[in-house]
Every structure is written in C-alpha cells, then in structure tokens.
Amino acid sequence: MKTIYMDNNATTQVDPVVFEASKPFFTQLYGNPSSSHRFGGQVGVALKKAREHVATLLNCTANEIIFTSCGSESDNTAIYSAIKAFPQKRHIVTTRVEHPAILSRCNSLKKEKNYEVTYLETDWHGRLDLDEYRNALRNDTAIVSIMWANNETGNIYPVEEMARIAKENGTLFHTDAVQAVGKVAIDLHDSAIDMLSLSGHKLHAPKGVGALFVRNALPFSPFLTGGQQEGGRRAGTENTSGIVALGKACQLAADHLEAESVVVQALRDKLENGLLSTIPDTILNGDKDNRLPNTSNISFGSVEGETILLMMDQAGICASSGSACASGSLEPSHVLRAMGVPLTFAHGSIRFSLSRFNTEEEVDFVLETMPPLTKRLRKLSPLSVEKDIPATPTPS
Ligand code: PLP
C-alpha cells in the first residue's frame, strides 16, 4: 500500500538533493571543524557555506546565525538569553497558541522564578488583537515571543508589525518561525525582529539541526556552555552533516519557494474545498485568508479525530489530529481550545499539511477516501448527524 504523507508540519521528507549534499560528511569529510588540521578545516569551510545559505534565505548576515539541535533549543535559547540580558525585567508576553517549546519555558519561569507572563488570547479564527498586544507591553517586559505561523492551523501572525511595536517599547522580540521558514518569504534586513527560530526537519533537512537568528549587537547569553563553537554562542561539536543539509535545504527553499508555494497551495485548496463541500458538518479551523500555503485544519463534527486518523492510517494516509491523549481522555489541543472551537468540532479536527512531494493523484485519493470513511464513523457515533442507516444490523 502506498503511503500518502500529509503530515509535513510534523516533519518532512529529507529532499534527495539535501541528502546527497550531506552524505560525504558522514564517512569522508568527518573531521572536526574546530581542529587545526586541514582535514577538519575543510569541514569548517562547508559550515561557513551552509551558514551563508541560511542567511541568504532570511536576508540577514551569516554571523547572525547560530546553529542549534532543533527548533525547541532555539526557542529555549531565545527566552533564556533575553531574561539573562535584562534581569531586572520580570515580565514576558506570548500567546496561548504557541508551541510547547515556548509555553513550557514561560510556564516554568512563572512557577519557578516568579516571572509574570501575559498570554495573548485569540478570536475563534485564531487571530490576535493588536490593541490587546499593545496594552500588554510594559516597561519591565523582557521579551515578546510570538510565532510567525501556527503549527496546527497554519495561521500567520503579523510579527513584523508586532516587532516594531515591541521595539518602540524597548522590548526584545523573538519569533518562532519553525513552521514559516521555507514556506513563506522572510526578510530580516529591515525588520525589527531581534531573534528567530527555525528547524531543519520542517523544511526537508534532517532531524537534529536547527538555527537561531540573533541580530548583531544584541546582548546574548548561551544556553549551552562549555565550548567555543558558534563563536562561543552554543557549545557542542557541530552536527556537521545536519548543518550542511540545512544549508542545502535553505538554498533550495530560496531558489524555489515562490513557485513551490503556488503549487502546494493549489493542491491544499483542492483538498480543502473538496472535503468541505462533500462531507457534511465540516468546518475549517483558522484564518482562511492568512495562513501557510500548505496547511488545512478541518474539523469533522461529531467524530473523534483520533478515530478518523486510525481509519485514514489503514487507508495509507498520514495526517494528524488536534486532540492529544491526556490522562486517559482525548483532550482537544491547546490551540483549538484557545480559539474557542466548539468541543464537538475540536475533538474531530484533522490537520493536513502538504509539501513539494505531494501530488494531485494523492489529493484525489484522499478526496475519494474521506467521505465514505467519515460516513461510516458517524454511523457509529452517538452524537452523529448522519444516522440514516443503523450502525449494526438490528436483530429481527
Ligand atoms: N515550534 C513550532 C511552531 C513547531 O511546530 C515545532 C515542531 O513541531 C517546534 C517549535 C519544535 O521544533 P523541533 O521539533 O525542531 O524541536
């Protein structure tokens, strides 16, 4: 059975071009870039090139890029560094719909270090209110951290404008752009954004590599200490093959992003319109007019997302649900809860996230599979609106 992979916000396939570029760094060019011999030195040269590719994609300078192990590390580093830089500032602004990498760090600073954290609310399309944001900023706000794009809904936030507002307030601005990099254009040149996180495995590089953009001249404290790698900003021998791969993935994104996003969005729209029009009692979660081109989060009323996923899995389709199993019960995701999506819909949410590797045939297959699949499930659901046929034959 063919696998139809539509879970690219969870992770992506390593692009074969990226894989080829990184291969020599396992078995041939395995030197340590910090070594003084030429064998290690040539790896250092490759890292320099990779850094330039990342910088080109973001339109910043290469020395503003710090390689990390993942998006979560980049996020944690950004918050950690900001609060170290301004120890007298004891307030943080973020949103209720951030990734747990940000939320859990903010929650522990609140619980363990008595920081005050303002979590911005969203409306039911997941949009933020700029007035609420302006009012949240204080003289003692150490950092604002707001994601560029949401991993579940794909919603894009006005981070440029929010960064300018933070700057006027004298506050550092970090954005978690893990889902945005490689999917939408990012230009940090004339931007007020101070720090930005990205992750390799979300843009067709392997897992285990990420980066943090830190604007030049910004006070910075390393999260990992004990080595002079990354200009003393992140200790630990570099994941050289991963970094080369990330550089190549960024180069591909810089070259093809615009054309690719048109194609991916057309597939996403075909999928989304088809599902919404053929399956009754479905809604779109998120901001239809301002989202990533690859993401569609659809709720199927009166059915459990996890059950839909299981049936999709049996048909070879991979996606993810907006419910998580917490303490034995299925809880709607914190993002959908924050948006106020009604429970019967929040429980049945499925995120489809596409990539350059999806095809129209795959979309057609999903469109053929989903209507009978959801119909069958609804017959079994006590809350169902489609109970025209009994779920099990009634004894005569
Ligand atoms: N931030 C966002 C918005 C994400 O979607 C993810 C991963 O899903 C992360 C951060 C964490 O990235 P990583 O898996 O590289 O740690």
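Visitor: What is the relative accessible area of Phe39?

Guide: Phe39 is partly exposed, a class between buried (under 20% relative accessible area) and exposed (over 50%; 1.4 Å probe, protein chains only). This is a predicted model, where local features need pLDDT of at least 70 and side-chain atom pairs pLDDT 80 or more, while totals for chains, interfaces and linings use all residues. Residues are numbered from 1 along each chain as its sequence is written, and side-chain values use heavy atoms, without hydrogens and water. For Phe39, the area is 32%.

Visitor: How are the rings of Tyr30 and Phe39 arranged?

Guide: The structure has two aromatic pairs (Phe, Tyr or Trp rings, Trp by its six-membered ring, with centres within 6.5 Å; planes under 30 degrees apart are stacked, over 60 edge-to-face, the rest tilted). Here the centres lie 5.0 Å apart and the planes meet at 75 degrees, so the arrangement is edge-to-face.

Visitor: Which residue forms an aromatic pair with Tyr80?

Guide: Look for an edge-to-face partner, 5.3 Å centre to centre with 65 degrees between the planes.

Visitor: How many of the 15 residues of H4 are buried?

Guide: The buried residues include Gly71, Glu73 and Ile83, whereas Tyr80 is partly exposed at 23%. H4 is largely enclosed by the rest of the structure, because the buried count is eleven.

Terms used: Helix = DSSP H or I, 4+ residues; strand = E, 2+ residues; numbered from the N terminus.
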